[in-house]
Amino acid sequence: MEFEARAQLLDADDIARVIRRVAHEILERNKGRDDIALVGVRTRGVFLARRLARTIEEIEGGSVYVGELDVSLYRDDVAIRRASNVGVTQIDFDVNDKKVVIVDDVLFTGRTTRAAMDAIMDFGRPAVIQLAVLIDRGHREVPIRADYVGKNLPTSGNEKVRVSLTEIDETDMVEVGEERER
Amino acid sequence: MKEGGGGYRNLLAISSLDKDDVLSLLDSARSFAEVSTRSVKKVPALRGKTIVNLFMEPSTRTRMSFELAAKRLSADVVNFSSSTSSLSKGESLKDTAKTIVAMGVDAVVVRHGSAGAPLMLTDWVECSVINAGDGMHEHPTQALLDLFTIRERLGRLEGLKVAIVGDIDHSRVARSNIHALRKVGAEVVLVAPQSLLPRDIQRMDVAVAGTIDEVLGWCDVLYLLRIQLERVNESRFPSLREYTLLYGLTDARWSELDHKPMVMHPGPMNRGVEIDSSVADDVESVITGQVAAGVALRMAVLYDLLGGSHG
């Protein structure tokens with residue numbers, strides 16, 4: 001399968017603005033950076049979490065906790081999809097009583113977020129869990145919503161959203177398009 | 001990993017894996033190692049799967065390691081140990097296989113005294129089969145966990161110089177390790193009396209040394225095999241004293257070394273035979289590290305075989 005882009009939705013400047021705005025929203029909602037822990041969902045959520053953390057630190061000083069989560073082992077569809085390589089999960093702080101913000105690039109069915117919440121609960125009992133996403137493309141299959149959204153993007157079921165981040169891709173951008181057989 | 005009969009995926013031997021299979025299992029074992037460091041050491045990845053540990057030969061470590069690996073992935077585990085005393089081995093294994101089919105399990109982990117028993121089992125059961133040691137053939141998960149331990153400690157496998165010392169011919173651990181190390185590009189030298197070298201050694205692409213002194217100072221990893229004391233009375237075996245003299249990692253040899261290699265042993269060690277007690281104490285940490293790595297590696301294998309569809 002190959003991704004064929006139809007339109008660019010966000011460019012590098014747009015993404016930078018989203019990060020700044022969401023960083024402010026997180027601080028506003030939680031009344032400061034105390035006890036905030038950003039947990040990125042592999043792969044691109046981790047880079048977004050790190051960018052958010054850096055921005056929050058620039059705004060308020062100090063440092064916030066950042067963790068990385070691979071949710072493969074918590075997915076509800078292990079029986080129907082091919083087992084992929086399991087990435088490393090790294091949560092080096094005590095999650096008990098933290099304000100954990102799950103960070104992901106695209107919110108779609110909500111199943112990944114469900115898996116991420118289960119994984120975090122295995123590490124302890126956070127005070128709250130919130131969700132920050134770059135793109136919300138709709139089509140939820142479980143009752144989950146995001147607390148912080150970069151951009152709402154109503155899509156049809158067969159459309160795909162591709163997020164590129166300079167940490168592993170060539171540029172920062174978000175595109176919408178279709179997946180085609182090669 | 002190799003497809004068996006009926007489309008089930010099996011792990012029977014290192015020799016039937018390719019380099020990418022080996023490396024991807026080592027990579028995913030690294031992720032699974034993290035699970036064992038959490039306060040809740042369990043993930044739901046294999047919830048609802050049933051795994052049978054079928055051990056037709058005594059084993060504590062390997063069985064416990066497989067059991068723990070399965071449980072940390074939330075699979076249900078049934079342990080089935082059997083002595084092979086009254087029935088001939090083939091018959092008893094087949095009878096057991098029928099029982100397993102009737103129980104509807106998802107994987108069988110099998111240890112058997114006869115080489116090839118796990119392969120035979122794949123014809124009789126309708127699930128994945130994992131070889132936990134068959135006769136003098138292979139012990140694939142031991143070799144994988146050894147490679148994992150080496151890579152974690154030394155940071156690489158390719159180009160490493162590895163010496164394997166001891167009763168190579170009777171050792172399934174040695175055979176699996178030779179295949180695995182050669183696949184990932186390590187150099188392997190076998191150190192043993194001629195009488196304890198395998199007959200098919202030409203096909204293994206390895207060098208041979210006559211005594212341990214020829215490899216000390218050269219090797220990055222020194223893999224000592226356990227001398228099975230019951231074999232000492234066989235004609236192929238020198239006396240214990242002669243063995244230690246030519247092949248033992250003695251205190252004298254160890255203390256003289258400037259460049260000390262990483263020492264490995266599949267355990268349990270015969271102190272004073274293949275390794276002196278004081279040296280054993282020095283290198284104990286690596287050997288207990290091998291045990292911890294075993295659980296993570298076996299989690300990776302179980303998840304690879306049973307997690308996800310492979311259509």
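Leaving aside neighbours within four places in sequence, with which residues is B:Arg175 in contact?

Contact here means heavy atoms within 4.5 Å. Once neighbours within four places in sequence are set aside, B:Arg175 is in contact with B:Met136, B:His137, B:Ile168, B:Asp169, B:Pro198, B:Asp200 and B:Met204. B:Arg175 belongs to helix H6 of chain B, residues 172–183; helices (H or I, at least four residues) and strands (E, at least two) are DSSP runs, numbered from the N terminus.

B:Arg175 counts as buried because its relative accessibility is 12%; buried means under 20% relative accessible area, exposed over 50% and partly exposed in between (1.4 Å probe, protein chains only). A polar atom of the B:Arg175 side chain lies 2.3 Å from the backbone oxygen of B:Met136.

## Basis of the model

This is a predicted model, in which local features need pLDDT of at least 70 and side-chain atom pairs count only at pLDDT 80 or more, whereas totals for chains, interfaces and linings use all residues. Residues are numbered from 1 along each chain as its sequence is written, chains are lettered from A and ligands numbered from 1 in the order in which they are written, and side-chain values use heavy atoms, with hydrogens and water left out.

## The sheet of chain B

In chain B, five strands with parallel pairing form an open sheet in the order E7-E6-E5-E8-E9; two strands pair if DSSP finds at least two bridges between them. Strand E7 (207–209) and strand E9 (262–264) of chain B are the edge strands, each pairing on one side only. From one strand to the next, the twist averages 25°.

Strand E8 of chain B (residues 221–224) pairs with E9(B) in the parallel sense over three bridges, and B:Val221 has B:Met262 in E9(B) as its bridge partner. Helix H5 of chain B (residues 140–154) packs on the sheet, touching E8 and E9 of chain B, and its direction makes about 160° with that of E9(B). For such angles, axes are lines fitted to C-alpha atoms, for helices over the stretch in contact, and angles run from 0 to 180 degrees between N-to-C directions.

## The sheet of chain A

Chain A has an open sheet of five strands in the order E3-E2-E4-E5-E6, with parallel pairing. E3 and strand E6 (148–152) of chain A each have a single partner strand, so one side of each is left without a neighbour in the sheet. The twist from one strand to the next averages 25°.

E4(A) and strand E5 of chain A (residues 128–136) pair in the parallel sense over eight bridges, with A:Lys99 opposite A:Val128 in E5(A). Helix H3 of chain A (residues 111–123) packs on the sheet and touches E2, E3, E4 and E5 of chain A, its direction making about 155° with that of E4(A). Helix H1 of chain A (residues 12–30) lies across strand E2 (36–41), E4, E5 and E6 of chain A, running at about 150° to E6(A).

## Aromatic rings and charges

Over all chains, a search of the whole structure finds three aromatic pairs. Rings of Phe, Tyr and Trp (its six-membered ring) pair if their centres lie within 6.5 Å; planes under 30 degrees apart count as stacked, over 60 as edge-to-face and the rest as tilted. The ring centres of A:Tyr65 and A:Phe93 are 5.1 Å apart and their planes stand at 40°, so this pair is tilted. A:Tyr65 lies in strand E3 (residues 65–69) of chain A and A:Phe93 in the loop between E3 and strand E4 (99–107) of chain A, 28 residues apart. A:Tyr65 is partly exposed at 39% relative accessibility, whereas A:Phe93 is buried at 11%.

The charged end of A:Lys98 sits over the ring of A:Tyr65, 4.9 Å from its centre; the criterion is NZ of Lys or CZ of Arg within 6 Å of the ring centre and within 35 degrees of the ring normal. In chain B, B:Lys260 lies over the face of B:Trp254, at 5.5 Å from the ring centre.

How values were computed
Polar contact = N/O pair within 3.5 Å; in protein donor to acceptor, adjacent residues only side chain to side chain.
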